[in-house]
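Subject: Structure handover

Hello,

Here is the structure I promised to pass on. Please open it next to this message as you read.

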Amino acid sequence: MKASVIATFFGVLLTCTYAAKEATKKTKKAKLYIPQIDCDVKAGKIINPEFIAKCPPGCQDVKYRVYGTDIYASFSSVCSAAIHSGAIDNTGGKILVQKVAGHAGYRGSFSNGVRSLSLPRWRESFLVSEGKPRKGVTYPSTLEFASSKSTAVKPEPKKPEQDLKVTKSAATSDTSGKAWEQGDTVRKVYQTSPVPMPTTQMAATTPTPTTTTTDPFSTTPKPTTTPATTRTTTDSAAAKPRPGLQRVRDTGSSSVHPAYSSVAAAASRQVQASQGRGLNKAFRGTSTSASNRNILRPNAGIQRQEPVATFRRPAGSPAHLGFASKEELNLKPLEATSQGNPSCKVDLSFLMDGSWSIGKRRFQLQKQFLINVAHALGINNAGPLMGIVQYGDDPSTEFNLKTYASPKELRNAIEKIPQKGGLSNVGKALSFVNKNFFSDANGNRGGAPNVVVVMVDGWPTDRVEEASRLARESGINIFFVTIEAAAQNEKQNVIEPNFVDKAVCRTNGFYSITVPSWFSLHKVVQPLVKRVCDIDRLVCSKTCLNSADIGFVIDGSSSVGTGNFRTVLQFVANISKEFEISDTDTRIGAIQYTYEQRLEFSFDKYSTKQDVLSAIKRINYWSGGTSTGAAISYASEQLFTKSKPNKRKIMILITDGRSYDDVRMPALTAHQNGVIAYSIGVAWAAQDELEAIATDPDKEHSFFVDEFDNLYQFVNPLIQNICTEFNSQPRN
């Protein structure tokens with residue numbers, strides 16, 4: 001009886017214990033909330049070192065870039081990397097992300113419907129796997145994103161004669177800083193040398209946020225006795241106040257170049273419609289009319305008249321600040337005629353300056369310039385295509401390459417573009433274009449060079465060097481059209497000196513045009529069109545993956561053996577498939593040698609990647625001796641003498657033993673003829689011969705491994721070295 005009672009007691013106890021444990025597990029599971037992230041969220045924007053998140057469906061889209069394989073640069077889209085790795089598919093799901101140290105040589109590959117890109121190096125990496133929590137690790141239910149910051153201007157004393165001084169300030173008030181805080185994007189506002197001014201004037205010139213109106217260019221009078229004006233805009237859903245310190249332009253004579261008379265008339269109508277509502281004089285470029293040129297404005301409690309025609313004009317620019325010379329007034333209006341040039345097959349993106357510093361009148365001139373360029377190019381599907389990205393604080397696509405296919409359609413679209421306002425963040429705009437614009441979904445054509453023309457008024461308010469470098473390495477040709485660049489006494493306000501040379505594709509003057517005045521912008525339409533259509537000089541279209549003739553020189557001697565020879569061919573195929581192969585991009589050729597040499601296929605034999613890989617697979621093992629020197633001479637004559645002039649000549653030689661003949665003189669001759677030689681030795685290969693064959697520095701161009709099965713280790717280092725050399729070429 002007692003035994004029965006005790007057994008029953010322990011049975012109940014075990015049941016209760018089990019039930020309690022199960023309840024605890026359910027409670028823990030219920031408490032574990034998995035945060036969801038968007039497809040475009042990059043790992044670098046999330047501060048947490050390790051986290052579990054849920055990806056939505058549809059992140060396989062090409063616009064969400066991925067860099068690397070297995071280990072990914074933090075610059076990559078987290079969810080797209082997860083699909084590439086196989087952790088999830090395109091329907092989304094939970095993933096585990098672990099941050100790791102920076103990496104050199106991220107390898108691009110195509111996997112699970114996602115194409116990842118190669119990247120020489122990045123400061124941080126991450127690993128991604130299925131969303132299973134690791135034992136003993138507590139995961140956050142809310143992810144921490146990088147926050148926004150802004151820098152405020154400190155007011156300082158200012159001399160009266162500096163009231164109308166031209167300065168471009170990237171600093172803003174605390175109110176504008178709050179308006180810029182959006183999502184997880186980090187925005188850093190660089191502060192230039194502030195213009196000295198009394199505290200009382202600072203209050204008068206700093207814009208005051210007001211209720212947003214539906215008209216993006218409307219002005220609202222401030223109900224005070226002092227005529228300080230404010231202006232509100234709608235950009236997406238949030239109002240963005242403008243910086244308070246800008247150059248005053250468009251003051252003085254209302255004479256306009258006849259070529260832009262229709263544009264000036266339209267601007268005048270906008271001014272007349274806005275009269276009675278107040279005009280903002282704190283920003284450069286605000287259009288004025290004769291009736292309001294002498295309006296009174298506050299200045300440290302003293303009201304003063306603005307001069308009508310007392311502005312100094314820079315030498316050599318008679319149209320500056322609205323003045324026109326007699327010669328200019330006698331010119332005939334510019335007639336934008338379509339050249340209809342089908343040989344100018346380029347994919348062109350204009351970065352349009354929409355910052356407040358440009359003003360409404362000059363914004364209209366910029367739009368007319370773009371219309372004239374579209375007509376001069378003769379936009380059509382068989383020739384050049386054109387899209388526009390407007391930038392201010394942030395960039396946005398107005399229309400992409402496939403939206404319009406005729407000058408008339410483009411004209412109508414450009415005329416309807418409203419001004420964004422904000423700062424002149426050119427670096428951010430270049431990053432946006434590099435990541436988002438030139439995609440298949442946006443109409444990018446594989447065989448057409450990618451060209452970006454940056455229109456900038458004065459100078460950028462952020463740094464452009466790093467964003468430009470990444471864009472160039474992606475194959476984008478960058479042109480700059482700089483209008484009214486910084487005068488000598490303004491250069492102290494420029495954030496990044498020589499920003500044009502740091503950004504453009506080459507520093508030889510071909511990729512940069514400087515225009516002294518917005519009113520002479522029409523003069524550079526034809527020079528710009530001629531340059532962007534000179535396809536042979538668009539050298540930044542060439543990347544390390546699409547600009548080489550690569551010749552493989554393969555040891556087929558008896559010591560290799562049939563099985564190892566197939567391993568060598570797989571190694572050759574793994575290298576080849578990393579490149580963009582076509583008759584105009586990278587081309588592949590192959591030679592096999594023993595005592596003799598055999599041309600397996602030449603550079604012009606196959607023009608697709610699949611054909612090249614099939615040809616490599618079909619190479620039959622020869623067997624025989626090892627005459628490496630003769631093979632190098634044969635490759636020079638049969639392959640590289642037929643290389644195209646604009647291609648980099650790269651020889652990759654694989655051998656497993658010491659040569660029966662001399663390798664030094666044939667290798668030296670090949671080097672002198674511009675062949676970049678890589679030597680890869682296996683097993684009994686002689687180190688001194690490998691170094692003699694390799695291009696200097698030979699330590700970076702020669703590799704050795706003890707077994708054929710370990711050849712795969714050299715695929716990434718080899719491609720990384722090819723790309724590093726390519727990207728380090730001088731840009732002058």
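This is a predicted model: local features need pLDDT of at least 70, side-chain atom pairs count only at pLDDT 80 or more; totals for chains, interfaces and linings use all residues.

Residues are numbered from 1 along each chain as its sequence is written, and side-chain values use heavy atoms, with hydrogens and water left out.

Disulfides

A search of the whole structure finds 5 disulfides (pairs of cysteine sulfur atoms within 2.5 Å). Counting bonded cysteines along the chain, the pattern is 1-3, 2-4, 5-7, 6-8, 9-10.

C39 and C59 are joined, with sulfur atoms 2.0 Å apart. The link is left-handed, at -75° about the S-S bond. C39 sits in the loop between α1 (2-31) and β1 (50-55), and C59 in the loop between β1 and β2 (68-69), so the pair ties together parts 20 residues apart in sequence. Helices here (H or I, at least four residues) and strands (E, at least two) are DSSP runs, numbered from the N terminus. C39 is buried, at 8% relative accessible area. C59 is buried too, at 1%. Buried means under 20% relative accessible area (1.4 Å probe, protein chains only).

C344 and C533 also pair, their sulfur atoms 2.0 Å apart. That link is left-handed, with -80° about the S-S bond. C344 lies in the loop between α6 (326-329) and β12 (347-353), and C533 in the loop between α12 and β18 (548-555), so parts 189 residues apart in sequence are tied together. Both C344 and C533 are buried.

C544 and C723 have their sulfur atoms 2.1 Å apart. Their S-S torsion is about 70°, so this disulfide is right-handed.

A helix pair

The axes of α7 (residues 359-377) and α12 (residues 525-532) come within 10 Å and cross at roughly 50°. Axes are lines fitted to C-alpha atoms, for helices over the stretch in contact, and angles run from 0 to 180 degrees between N-to-C directions. The contact (heavy atoms within 4.5 Å) involves F369, N372, V373, A376 and L377 of α7, and V525, Q526, L528, V529 and V532 of α12.

A covered helix

Helix α2 (residues 78-85) is mostly covered, with 7 of its 8 residues buried. Those residues are V78, C79, S80, A81, A82, I83 and H84. G86 follows α2, and its phi is positive, near 90°.

Best regards

Note on methods:
Buried means under 20% relative accessible area, exposed over 50%, partly exposed in between (1.4 Å probe, protein chains only).
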